[in-house]
Amino acid sequence: MSTSIGCRCALAVFLTAAPLFASAAETYQCVENDRTGFLWNGQNMERGRLPGANMVLAGEFPLEGGTPTEAVLQIEGIRSPLAMGCTVPFFGQKPVLCTSGSHTLVLDRDSGRFTLARQFGWVFEDLHTGAPNEDTFTVGWGMCTRGPGAAK
Amino acid sequence: MMRAEPIRSLTVTTPVPVRCAVAVLLAAVVTTATAQEQWEIYVCTESEEAGYRLQGDTLARNRYEGATFTFSLSATDPVGTLEEHGTGGMLYMDCLIPYEDKAPTTISCTEGAHTFVMDLESGRFAFSRLFGYVFPDPITGGPNGDAVTVGVGLCKPSQGI
């Protein structure tokens, strides 16, 4: 009753705008069903199929046009986790795009559908030889489920 | 005491068409010089492209034709554009150097669900298109039918603007 009109207006504006700037801390367990792209055969790169991997994506995720956030992707079998920047690429839609620069993951947080591009192979130079590095170069797809624990 | 002739009297005598021509010439020179200074332009050919197309609720492997496009990278700001030849489709991309200490000449540019990674020295590039499958179809709410692909190829610096 004693709240001034100005305060109520400010509160209303804040409550309306807050979801656009907020983010959520979440963890996703992801299973990559299949992976296709290019792999090295001696000196040549050729088209091929590779088994998918399990992975965990954890961090803050922007909500429908919020400010960019940070997350970490740990792919099973790869020693170092990937630090990623996450954005909502299309305003008003929920899917997020997280990229480390060499790996890009797009995730629909409602359905769990995801795609992952690994773009390290071929482009980056081998640090020892200076030749194209011999990592695979692929795109994969699968499903993520929201994990029990929120990421910090 | 005599007063010096005002300088503007000289310009008044210059014919209007000449002044217009000079102005247009100067504008053209400045514009060209600015463009040459600020953008590095590459012509890129995607030699191979692999990926998936939607089949029911799942994805089936498929083979795709690579594209040819022009990639322009700003020399002053972390942005680039990628224009596909033939379709005229243009992507306005945000760019970064993901491993500045170990790979200072390799850039990564993103727009929407597209990521373009390129080594500026060798011209090798990888281009992923990840819109398909993940984004909901506006009518059904299920996976959309766009392709999910990754392509590989080489870029060459453009000979001229």
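This passage describes a predicted model of a complex with chains A and B. Residues are numbered from 1 along each chain as its sequence is written, and chains are lettered from A, with ligands numbered from 1, in the order in which they are written. Because the model is predicted, local features need a pLDDT of at least 70 and side-chain atom pairs count only at pLDDT 80 or more, whereas totals for chains, interfaces and linings use all residues.

The predictor assigns the complex an ipTM of 0.80 and a pTM of 0.78. Confidence per residue is given as pLDDT, on a scale from 0 to 100. Chain B averages a pLDDT of 82, and 75% of the residues score at least 70. Residues 1–14 of chain B stay under 50. For this segment the model has 1 contact beyond four places in sequence; a contact requires C-beta atoms, placed from the backbone, within 7 Å. Where pLDDT is low, the predicted coordinates should not be read in detail.

Chain A contains 1 helix and 9 strands. Helices (H or I, at least four residues) and strands (E, at least two) are DSSP runs, numbered from the N terminus. Along the sequence the order is α-β-β-β-β-β-β-β-β-β. Of the 152 residues in chain A, 38% are buried. Buried denotes 20 or more other C-beta atoms within 10 Å of the residue's own; exposed denotes 12 or fewer, and partly exposed lies in between, with C-beta atoms placed from the backbone. Among contacts in chain A between residues at least 6 apart in sequence, 47% join residues at least 24 apart.

Strand β1(A) pairs with several other strands, pairing being defined by at least two DSSP bridges. The antiparallel pairing with β3(A), residues 54–62, has 9 bridges. With β9(A), 10 bridges are formed, also antiparallel. Val31(A) takes part in both pairings: its bridge partner is Asn54(A) in β3(A) and Met143(A) in β9(A). A further 7 bridges join β1(A) to β2(A), again antiparallel. Here Arg35(A) stands opposite Leu50(A). The hairpin of β1(A) and β2(A) has 2 residues between the strands, and Gly42(A) takes a positive phi near 65°.

Most residues other than glycine have a negative phi. Trp122(A) has a phi near 75° and sits in the loop between β8 and β9 of chain A. Trp122(A) counts as buried because it has 24 C-beta neighbours inside 10 Å. In chain B, Tyr133(B) has a positive phi of about 70°. Tyr133(B) lies in the loop between β8 (124–129) and β9 (148–157) of chain B. It counts as buried because 26 C-beta neighbours fall inside 10 Å.

The interface joins 33 residues of chain A to 33 residues of chain B. On the chain A side, the elements giving two or more residues are β1 (23–41), β2 (44–50), β6 (96–99), β7 (103–107), β8 (113–118) and β9 (137–146). By class, this side has 17 nonpolar, 11 polar and 5 charged residues. Nonpolar covers Ala, Val, Leu, Ile, Met, Phe, Trp, Tyr, Cys and Pro; charged covers Asp, Glu, Lys and Arg; the others, Gly among them, are polar.

The largest nonpolar core has 60 residues. Such a core is a set of buried Ala, Val, Leu, Ile, Met, Phe, Trp, Tyr and Cys residues joined through C-beta atoms within 7 Å. Leu57(A), Leu73(A), Phe114(A), Phe125(B) and Ala126(B) touch the most other members. Beyond four places in sequence, Phe125(B) touches Val123(A), Cys44(B), Phe116(B), Val117(B), Met118(B), Gly153(B) and Cys155(B).

Technical notes: Two residues are in contact if their C-beta atoms, placed from the backbone, lie within 7 Å. pLDDT is the predictor's confidence in each residue, from 0 to 100.
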